[in-house]
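Open the model in your viewer and keep the selection tool at hand.

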Amino acid sequence: MDPTKKLLNGDEAIAHAARVAGVNLGIGYPGTPSTEILETFSALGGYAQWAPNEKVAAEVAIGAALAGGKAVVTMKHVGMNVAADPFFTAAYTGVKGSLVICAADDPGMASSQNEQDSRRYAVAAGLPMLEPADSQQCYDYFILATELSKRFGTPVILRLTTRVCHSKTIVSIGNFSEPETPSYTKDAKSHVMVPAFARLAHLRLRKRLHDMEEWNVKEGPCTFLGPENAKQGVIATGISAMHAAEALPEARIMQPGMTYPLPTDKIKAFVESHEDNLVVEEGDPIVVEALLAAGMKVRGKKEAFRYGELNVARVKKLAAEDVTPDPAPAPGKPPQLCPGCPHRLTFQALHDLGCTVCGDIGCYTLGVLPPYEAMDTCVCMGASIGAALGMREVLPAEQAKRIVSVIGDSTFMHSGLTGLVDMVYNRPPHGHVVILLDNSTTAMTGLQEHPGTGRRLDHTETVRVDPAAVARAIGVRVEEVDPLAMKDTLKDFIREQLDREDVCMIIMKRSCLLALKHLKDREKAEAEKKA
Amino acid sequence: MKNINIVFAGLGGQGVLRASDITAEAAFLTGFDVKKAEVHGMSQRGGSVSSDVRFGSGIKSPMIPAGTADFLVLLDASQKDPNALCRSEKTVVIEPDIIKIEDLPNPKGLNVALLGYLSTKLPEIPEENWQKALENNFPEKLRESNTIAFNVGRETNAR
């Protein structure tokens, strides 16, 4: 058995590649399916951090790369929206070291609120992008992305999807190398984006993309599968290439590894050598539109295949332009709040009170399901507060007074603080009540730490950011209670807070049972180590 | 050889993903090409969970195409219908009630016991590789009870 070979999922493969590439800093915000990249990187001895949100993570990573270091920043697709601001201008500043942005999309929405196609960001911001199809490509493309980032002086997006992140395939791993400490060189003309400098930077950005396209045509990564001399050509991206190779064994498959900027001339030559050319990509029709715009005779997919994941059966149908509905199996058991979950008590009370509940992103979004059905809105991280304030502004008093926001502790640190400021600054006529479900962990994504737990990514202790103290400093009245101790009085307690018509945050403090178990296991292991 | 497709299905917390990890690793240790697909995240909260393991001489998609499962291993009988699409008439369905729970040191060892039974249907993977994969996927303190559970499965004759 070859000792350099391992069976890894895509996230783990990237973490190994980051150790091999000598990455100085990994940073991100947890989000399925990207979370395990940094957890594994840390477990392998890399230096990794959870940031309060993706925007801060992006900025820290950009700083590390401007200083000459090697950085990786990880997030799920919706995190790309949060981090978009720094990324668009980092495309102008470029980097001195290297910056790889791991963006993990979730076609089919296994655990997300939308199925946006993050590849649009590469085009919109002018950031080059690689799309791996399996764990070996995750590993290879991460190392390549690091090299390209340094060589061309640009952040590079490594675009992943759920099945790439969470499928295990065999990977050959090289030797780890320890990160080198960079030395700072001042370069204000490149790094300070005032208009006079930014105009030149935009010209450099477009020139760089042109150069990278030339590189991609000449020596960019490209995988061919299936028989040569086939009549049918298929241009496929990411994991779609694997489905296509199985679904269409008679076809010749071309999988360009760098999908922005595309190796247009190389694809043109491929297209010209086949009678029929089909483009197979999950999500939006991005590659097919680019190829059509370049004047190539290619077939894309019918609109029905924009939705959900592709698989072998769907790629067969896609190729045959068969848009009959896919067979639907009997529904499985939906997820639910765990037995003994402290959130259950709050949702029961809100259900009994008949409150209008603006919810947020986390386990507690499951409060929308029976028996509670105690959630009215859920949009994005932090929207529980803003959306509730907007509803209170426009609704008549008797409806406005029943509105509450429900937000988790990690989400509060991510995007709740600015909403709280708005609640005080633009206080609604009848005030507002925010309920912070503080279970001392980022539960939904698998129990990650955050600034409110007082522990870093690797669970070592640090300063705890106290949400009660922050809220009080902003000018909010704070009530801290244990929902379990309140029992039947919880409903009356919430009603009393609503009736006061001021700006209030109720902190429901009770640890997630799963997190407590992990904490105890870690403490026990720590004690055993000492003994 | 023909590629082997195995679907594991159950509910969050029953060890579906662990069972598929162990199977994938046992096949990997034997020298096969292996791919394993799963979706986790939201599904962990007590809901339906399934995982695909494929091994053989050359695997392309990590997801088992509809109607091509050689085995469907159920950790919970309720998950038979939701996983109907992966089955054909040839699929061997392994139901949880073939294992006598009272024979296990710990009822949580059902997943390992079912692997023991599955291992008797997969002669291409030597038993020592199953043992190694079990050792690599569980803490040492669970080793003994898992060995017992695995052997209970190996000695089970499906009714």
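H4(A) and H9(A) are roughly perpendicular to each other (the label covers 65 to 115 degrees; under 35 is roughly parallel, over 145 roughly antiparallel, the rest oblique). This is a predicted model: local features need pLDDT of at least 70, side-chain atom pairs count only at pLDDT 80 or more, and totals for chains, interfaces and linings use all residues. Residues are numbered from 1 along each chain as its sequence is written, while chains are lettered from A and ligands numbered from 1 in the order in which they are written.

**Stop 1: the crossing.** Select residues 77–93 of chain A for H4 and 195–219 of chain A for H9. Their axes come within 7 Å and cross at roughly 80 degrees. Axes are lines fitted to C-alpha atoms, for helices over the stretch in contact, with angles from 0 to 180 degrees between N-to-C directions. Helices (H or I, at least four residues) and strands (E, at least two) are DSSP runs, numbered from the N terminus.

Now show side chains. Ala91(A), Tyr92(A) and Thr93(A) of H4(A) meet Ala198(A), Ala201(A), His202(A) and Leu205(A) of H9(A). Contact means C-beta atoms, placed from the backbone, within 7 Å. By class, this contact has five nonpolar, two polar and no charged residues. Nonpolar covers Ala, Val, Leu, Ile, Met, Phe, Trp, Tyr, Cys and Pro; charged covers Asp, Glu, Lys and Arg; the others, Gly among them, are polar.

**Stop 2: helix H3.** Select residues 54–66 of chain A. The buried residues of H3(A) include Ala57(A), Ala61(A), Ile62(A) and Leu66(A). Buried means 20 or more other C-beta atoms within 10 Å of a residue's own; exposed means 12 or fewer, partly exposed in between, with C-beta atoms placed from the backbone. What covers the buried residues of H3(A)? Show strands S2 (25–28), S4 (70–76) and S5 (98–105), H4 and helix H8 (188–191) of chain A, which are among the cover. Gly68(A) follows H3(A), with a positive phi near 105 degrees.

**Stop 3: the side facing chain B.** Show both chains. The contact takes 32 residues from chain A and 34 residues from chain B. On the chain A side, H7 (162–166), S8 (168–172), H10 (240–247) and H13 (312–320) each give two or more residues. H10(A) gives the most, four residues. This side has 18 nonpolar, ten polar and four charged residues.

**Last stop: zoom out.** Chain A comes to 21 helices and 18 strands. Buried residues make up 52% of its 531 residues.

How values were computed
Two residues are in contact if their C-beta atoms, placed from the backbone, lie within 7 Å. The expected span of a helix is 1.5 Å times one less than its number of residues.
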